[in-house]
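I opened a notebook page for this structure.

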Amino acid sequence: MPPLESWLGRSSTVGDQPFFDDETFPWAKTLEADWRAIRSELDAVLEDQEHLPNFQDISVDQATMTTDDRWKTYFLYGYGFKSEANCARCPETARLCAQIPA
């Protein structure tokens with residue numbers, strides 16, 4: 001993974017430092033302001049945590065990172081696809097994420 005991480009850092013349009021100034025990502029303020037809505041939807045999803053997909057089941061490349069079933073996933077968008085069902089289950093979070101510039 002280090003070669004990929006290095007390439008991603010070099011390719012980033014905002015740099016590759018450990019910490020960024022808040023103004024680098026002005027859209028983050030909207031997410032921060034609505035954290036309670038996001039948290040409420042997350043809590044509802046986590047009520048059924050045992051049925052969420054395991055990370056290594058979604059991406060076999062992650063099998064070296066985790067071998068147990070404790071690292072769960074819940075994508076709104078992943079690998080270039082939108083999960084309509086997950087976005088419908090978390091409509092406020094999906095609405096907020098849709099405002100993040102590409």
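Which residue forms a salt bridge with Glu23? I found that Lys29 does, with the closest N and O atoms 2.9 Å apart. I took a salt bridge to be a side-chain nitrogen of Lys or Arg within 4 Å of a carboxyl oxygen of Asp or Glu.

Before going on, I noted what I was looking at. This is a predicted model, in which local features need pLDDT of at least 70 and side-chain atom pairs count only at pLDDT 80 or more, while totals for chains, interfaces and linings use all residues. Residues are numbered from 1 along each chain as its sequence is written, and side-chain values use heavy atoms, with hydrogens and water left out.

**Entry: salt bridges**

I looked up the total: the structure holds 4 salt bridges. I then checked accessibility, where buried means under 20% relative accessible area, exposed over 50%, and partly exposed in between (1.4 Å probe, protein chains only). Glu23 is exposed at 52%.

Next I turned to Asp43. Its side chain meets that of Arg39 in a salt bridge, 2.8 Å from N to O. Both sit in helix α3 (residues 35-46), 4 residues apart, so about one helical turn separates them. I used helices as DSSP runs (H or I, at least four residues), numbered from the N terminus. Asp43 is partly exposed at 35% relative accessibility. Arg39 is also partly exposed, at 42%.

Glu92 forms a salt bridge with Arg95, and the closest N and O atoms are 2.4 Å apart. The two lie in helix α6 (residues 91-98), 3 residues apart, about one turn of the helix. Glu92 is partly exposed at 25%. For Arg95 I noted 38%, which is partly exposed too.

**Entry: aromatic pairs**

How many aromatic pairs does the structure hold? I found 3. Phe20 and Phe25 have ring centres 5.4 Å apart and planes at 75°, so this pair is edge-to-face. The cut-offs: rings of Phe, Tyr and Trp (its six-membered ring) pair if their centres lie within 6.5 Å; planes under 30 degrees apart count as stacked, over 60 as edge-to-face and the rest as tilted.

Phe25 also pairs with Trp27. Their ring centres are 5.8 Å apart and their planes stand at 65°, so that pair is edge-to-face. I noted that Phe20, Phe25 and Trp27 form one aromatic cluster.

Last, I checked how accessible these residues are. Phe20 is partly exposed at 29%. Phe25 is partly exposed at 26%. Trp27 is partly exposed at 29%.
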